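Thank you all for coming. I would like to walk you through one model this morning, slowly, and with the criteria stated as we go.

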Amino acid sequence: MPKSQLIDPFDLRQPGFLAAPQIPLNQYVPDPAAEAAQYGREALIRIYRDMVVIREFETMLDRIKREGAYQGITYNHPGPAHLSIGQEAVVVGQSYHLTPDDFIFGSHRSHGEILAKSFSAISQLDESALVEIMESYMDGAALRVVERFSHGSVKETALDYVLYGALAEIFGRQTGFNKGMGGSMHTFFPPFGVMPNNAIVGGSADIAVGAALFKRINRRPGICIANIGDGALGCGPVWEAMNFAAMDQYHSLWDPEIGGAPPILFNFMNNFYGMGGQTVGETMGFGTLARVGLGINPEGMHAERVDGYNPLAVADAIQRKKELLLAGRGPALLDTITYRYSGHSPSDASSYREKEEIEGWRQHDSLAAYGRYLVENGHAAAQTLEEIQENCLRRMTAVLDAAVSLEHSPRISSGEDIGGMMFSNRFQERMAEGQPETLIPIEESRLKVTAGKARFGLQDGQPLPKLRCLSYAEALFEAMIHRFYEDPTMVAYGEENRDWGGAFGVYRGLTECLPYHRLFNSPISEGAIVGTAVGYALSGGRAVVELMYSDFMGRAGDEIFNQMAKWQAMSANVLSMPLVLRISVGSKYGAQHSQDWSSLAAHIPGLKVMVPATAYDAKGMLNLALRGTDPVLFFESQRLYMEPETLVAGGVPTGYYEVEMGQPVVRRQGSDVTILTLGATLYRALEAADELERDHGLSVEIIDARFINPLDCQPIIDSVKKTGRLLLASDACDRGSFMHTIASNVSQLAFDYLDGPVAVVGARNWITPPAEMEEMFFPQKEWIIDTLHQRILPLPGYQPRTRQGTDQILARGRWGI
């Protein structure tokens, strides 16, 4: 979109050929003398020890799952255990050159990655730093257990601490790294740069890109690695993530001082299987996985295949890629070949592969081969390696004994404790200290224009010209610019966010205020838009991203419902999620651009959901969302963007204010019936109330819910106690509407005060028709009045204009519409 970049037809229509870079395959050449000089004997032996410990950790879990016992300790573990036996060289080699500032994000099969990265961090940190981490993390809960059986040096205790914290988490114990809320597939430990591991195949890809984006924009040290399997290449979000990481604008439009592309490495742990599907020869078509980098950028993502059975080959590749990424020349891709001897999970009998294949890889076993390397090159005697294995066995037995003990390693005992982790419920003016980077003083921004507009849309009861009034969209702009000038970490991106000002003009004026790295256009990749924002937020920044239409939530379904919503709780509140997802609710654009999907969000725990219906609330509620540290879905109706404030006396304040979290508001006082609305349906309810009062003498109380979650129902109940009747209306399809949830709750909580049934008016359970027929689909004033007449309170002498009776509920159910 930038005018500075001309798309020239003369150049683009010229004939020619593309040349692609060569992709190295297993090019590492072992050199024992050079390796001895680079690493030294102690480090080379430590690599072996780490591989042995990881192999034994996974073997212990395998035996617990299959036999219910290990070294005489019995335990029934009903949860999952996706093991990586055979893949130890990859994770230990990867971690060698990484520091705690480097982040790794993994998959469901990441126990080895967690341990290897933590062991590497322990080797690099001094004893005082390790003690501080162990004593402060979760108030030292895991350390207190470890001190019961670990009596060696600080670094030896730290090794036991990592093994115990990971295993206790796998077993769902309160003393685990995430209080048991993550479990086997989501265990992580941020102090050592071990970031969330993801049970959704490929789920870490875009999150890791977002974390790398945070590091680049905020000039934080380190790189980020997405450790995902070869099967993840069948997942759309992985391709979206790679494309997002390779955007030209990092070099063509962003200030060079920012440092170039986000420092992200996609490390494909290529064990040749995605569950039981063989990626080469069956479920994929790439042949050699490293080839896919050629489809992303001219550099082919600097892709190469690495022999993952040699830890030193992997360490060499990581060292080279890290240097490249820190220089801003990413993204990078590694096709790291390896093999898992165990099945996808302990219940997998590996019926899809021959025993000869497994035995062939065992003959190349990396642990045995690296042990021979140490002996043959004089770094360790065979007896030394045996002692390492024996010591590991004793260590693992002690760790397991502590982890299975309910006395020392209890589970969370109360559902209320879990519920208390769903939200941080904290507020921060800024996520980091420092001066926000801007292009002009805020006093010179578009605020000069909006501040001069009428803040209330009526004068002497008559509407003012809309162009003279502050609109709903401009109220949102005022909230956004305020937080941009307060929080140096805040970024906003999505489709058409810069230059255009957003598809509906909310960001008009921000382009002139903000450098590219704080406001930019993303690819049309809804999954990556939300997924990268998740990674940015959980790394410590504040992100505001936008979906142009509510209908596009489907494209970002996993990122919204499995990632954005869950990481705070799965981390036991170690992580926060200061992320606001702005979602436009359309109309007039037909079946795929005009749906209200806010009710979907109501069903997903972990999300705060806001639906402002006035300009006053648009600014006040966005202010609220932008100061919080919880994930918010912020639904905005396209029907309202151009509308001024006409309901709140005094209009929209020019200064900062917030709307109280979860509180509905009475828009009109009444005594005969309560109508509760959500979103733009408020205005049709007000029209219905005018007609009911004028033609039927009914006093109608109108309540605007404003929030889906949290929502305080007490004001609604208080109103029903006064009126005895309740009708609810929103633009969401009637079937599954959140209005039915409220109706059910009020029916139970205020049953003795009701003088009639509670009724819900929603959109039809159809596709949304074209604009010319929308009045047949969305609730209208007449529907509200007719529903009141036919289901709640018959109006004397009234002739219904539509069919809203209970017979229609039955009929539509039979017809499935």
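Let me begin with contact, which here means heavy atoms within 4.5 Å. Helices (H or I, at least four residues) and strands (E, at least two) are DSSP runs, numbered from the N terminus. What you see is a predicted model, in which local features need pLDDT of at least 70 and side-chain atom pairs count only at pLDDT 80 or more, while totals for chains, interfaces and linings use all residues. Residues are numbered from 1 along each chain as its sequence is written, and side-chain values use heavy atoms, with hydrogens and water left out.

I will start with helix H25, residues 714-723, whose buried residues are Ile716, Ile717, Ser719, Val720 and Thr723; by buried I mean under 20% relative accessible area, with exposed over 50% and partly exposed in between, using a 1.4 Å probe and protein chains only. Viewed down the axis of H25, these buried residues fall within an arc of 160°, so they line one face of the helix, the arc being that of the directions from the helix axis to the C-beta atoms. As a reminder, an α-helix has 3.6 residues a turn, so residues three or four places apart point the same way. And what do the buried residues of H25 pack against? Their partners are strand S20 (673-678), strand S21 (700-704), strand S23 (726-733) and helix H26 (738-749).

Threonine 723, which belongs to H25, is buried at a relative accessible area of 4%. Leaving aside neighbours within four places in sequence, threonine 723 is in contact with Gly670, Ser671, Asp672, Val673, Thr674 and Asp755. By way of a distance across the model, the C-alpha atoms of threonine 723 and tyrosine 516, which are 207 residues apart along the chain, are separated by 54 Å. After H25 comes glycine 724, with a positive phi near 80°.

Where does a positive phi occur in a residue other than glycine? Aspartate 499 has one, near 70°, in the loop between strand S13 (491-494) and strand S14 (519-521), and aspartate 499 counts as partly exposed at 38% relative accessibility. Lysine 588, also not a glycine, has a positive phi of about 75° and counts as exposed at 59% relative accessibility.

Turning to charged pairs, a search of the whole structure finds 41 salt bridges, where a salt bridge is a side-chain nitrogen of Lys or Arg within 4 Å of a carboxyl oxygen of Asp or Glu. One of them joins arginine 305 and aspartate 335, with the closest N and O atoms 2.9 Å apart. Arginine 305 lies in strand S9 (residues 304-307) and aspartate 335 in S10, so this pair ties together parts that are 30 residues apart in sequence, and both residues are buried. Glutamate 691 and arginine 801 meet in another, at 2.7 Å from N to O. Here helix H24 (residues 681-696) holds glutamate 691, whereas arginine 801 is in the loop between H27 and helix H28 (806-815), so the pair ties together parts that are 110 residues apart in sequence. Glutamate 691 counts as buried at 7% relative accessibility, while arginine 801, at 42%, counts as partly exposed.

Finally, the aromatic rings: the search of the whole structure finds 30 aromatic pairs. Rings of Phe, Tyr and Trp (its six-membered ring) pair if their centres lie within 6.5 Å, and planes under 30 degrees apart count as stacked, over 60 as edge-to-face and the rest as tilted. Tyrosine 75 and phenylalanine 171 form a tilted pair, 4.5 Å centre to centre with 40° between the planes. Both partners are buried, tyrosine 75 at a relative accessible area of 12% and phenylalanine 171 at 4%. Elsewhere, ring pairs link Phe272, Tyr273, Tyr309, Tyr339, Tyr341, Tyr352 and Trp361 into a cluster.
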